[in-house]
Amino acid sequence: MTARFFCTAVFLISLAHLATAQLDFFHNPRDVVYSLGTAEHRTASVSAGDLDGDGDVDVVVANGRHWPEANEVYLNSGDGRFTVAYNLGVHRSTSYAAELADFDGDGDLDIAVGNDDAPNRLFFNDGSGQFEERGTFGGLYTPTRNICLDDLDQDGDVDILVTNRGRANEICWNNGQGQFTEVTTFGSDDDSTIDVATYDIDNDGDKDLILANRDGQQNYIYLNDQSKFSERIPFGSGDDETRTVAIADFNQDQFPDILTGNIREPNVIYFGDAQLQFDRYVVLDTLFDRTFSVVVEDFNQDQLPDIALANADELNRVYINQNKGQSFVGFPLGKAEMDSYDIISADTNKDGYLDLLIANSSDLNLYYLNIIPYRKKKAEK
């Protein structure tokens, strides 16, 4: 570990500090790990939302990466089981991402699919979870690695950000009808951007862009100035292998912090301040994993943001925030090392607690139930 990872307030999470069984709360009460189907695809992304309007969380899985495969929709039976599934569209695609939003303003969730060197496709919901393909967005043959959805121009509809590895990143502007003919770029033309988060970092009322660049490139924040992104703020060491970012106020000081998930180097939290410096940081772990995705949520409902990591060919991990970010307690998620590309949270069984869903390449796509409610009921008996 090089000297740049040391700072005054460093705390380290190591294998010696794994949590007790009471903190290790992502399991199934019957000791069975649930999976989305039985096939082992090259899955790169998973997303969740109520697709059929019945009040529970459904799932979309993006398969393929560099090889064409069918993307899939899984409908929730209402109790956290996904008992109905079907392919999304007629094409097999090299998909890296499938994200959900109401693009046409009709009240249901549509799907945007980002593909590697193939057209990025739009699917519109009829309200019952059935989808019609209608058009494309962004460059037709770009090395897309991720997409992010948000209203960047504050006109009331959802725009699409497309991150392209080694090519210009794109913002596809929604015209209000779910059409994305106007496209501008963000970042540098040769960025190896894998992920982008949107957040009002400078507290001026609009969403800024926080980029995760790999291949030893500088990470940047791009500030939003009337939907233009020319002013940028660097963060990180300058030559990180960052694949994913997330934003949260980990130390509860009212300033947003940046969590970076890195490849073969420690994952780091950069603390924000009024000057937007992000030069104070702590190392989350010293495991040198290949972290491909992160999700930040309050998993145990103690009003502090916790962290879950998806790692490639390593154990996935969860870190529980202690003492307002002064320390984290970590435990492995599951017992097997998998090639995990994405991790998200959702309340799959409607018990009021967030569960975890993981997209795996050449392995089963898994989800883990949060069993805090189960333990509470057991303790009351």
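1. Phe250 counts as buried, at 0% relative accessibility. This is a predicted model. Phe250 pairs edge-to-face with Phe328, 6.2 Å centre to centre and 65° between the planes. Phe250 lies in the loop between strand 18 and strand 19, and Phe328 in strand 24 (residues 327–346), so the pair ties together parts that are 78 residues apart in sequence. Phe328 is buried too, with a relative accessible area of 3%.

2. The loop of Phe250 joins two strands of a sheet. That sheet is open, has four strands and runs in the order 18-19-20-21 with antiparallel pairing. Strand 18 (242–248) and strand 21 (280–283) are the edges, each pairing on one side only. Neighbouring strands are turned by 20° against each other on average, direction ignored.

3. Inside the sheet, strand 19 (residues 257–262) and strand 20 (residues 268–271) share three bridges in the antiparallel sense. Thr260 stands opposite Val268 of strand 20.

4. The whole structure holds 11 aromatic pairs. One of them is Phe82 with Tyr367: edge-to-face, 5.2 Å between centres, 90° between the planes. Phe82 sits in strand 5 (residues 82–87) and Tyr367 in strand 26 (residues 366–368), 285 residues apart. Phe82 counts as buried because its relative accessibility is 12%, under the 20% cut-off. Tyr367, at 3%, is buried as well.

5. Ring pairs also link Phe25, Phe26, Phe299 and Phe331 into a cluster.

6. Two arginines sit over rings. The charged end of Arg42 is 4.3 Å from the ring centre of Trp67. Arg232 lies over the face of Tyr220, at 4.0 Å from the ring centre.

Methods:
Residues are numbered from 1 along each chain as its sequence is written. This is a predicted model: local features need pLDDT of at least 70, side-chain atom pairs count only at pLDDT 80 or more; totals for chains, interfaces and linings use all residues. Side-chain values use heavy atoms; hydrogens and water are left out. Two strands pair if DSSP finds at least two bridges between them. Axes are lines fitted to C-alpha atoms, for helices over the stretch in contact, and angles run from 0 to 180 degrees between N-to-C directions. Rings of Phe, Tyr and Trp (its six-membered ring) pair if their centres lie within 6.5 Å; planes under 30 degrees apart count as stacked, over 60 as edge-to-face and the rest as tilted. Buried means under 20% relative accessible area, exposed over 50%, partly exposed in between (1.4 Å probe, protein chains only). A charge sits over a ring if NZ of Lys or CZ of Arg is within 6 Å of the ring centre and within 35 degrees of the ring normal.
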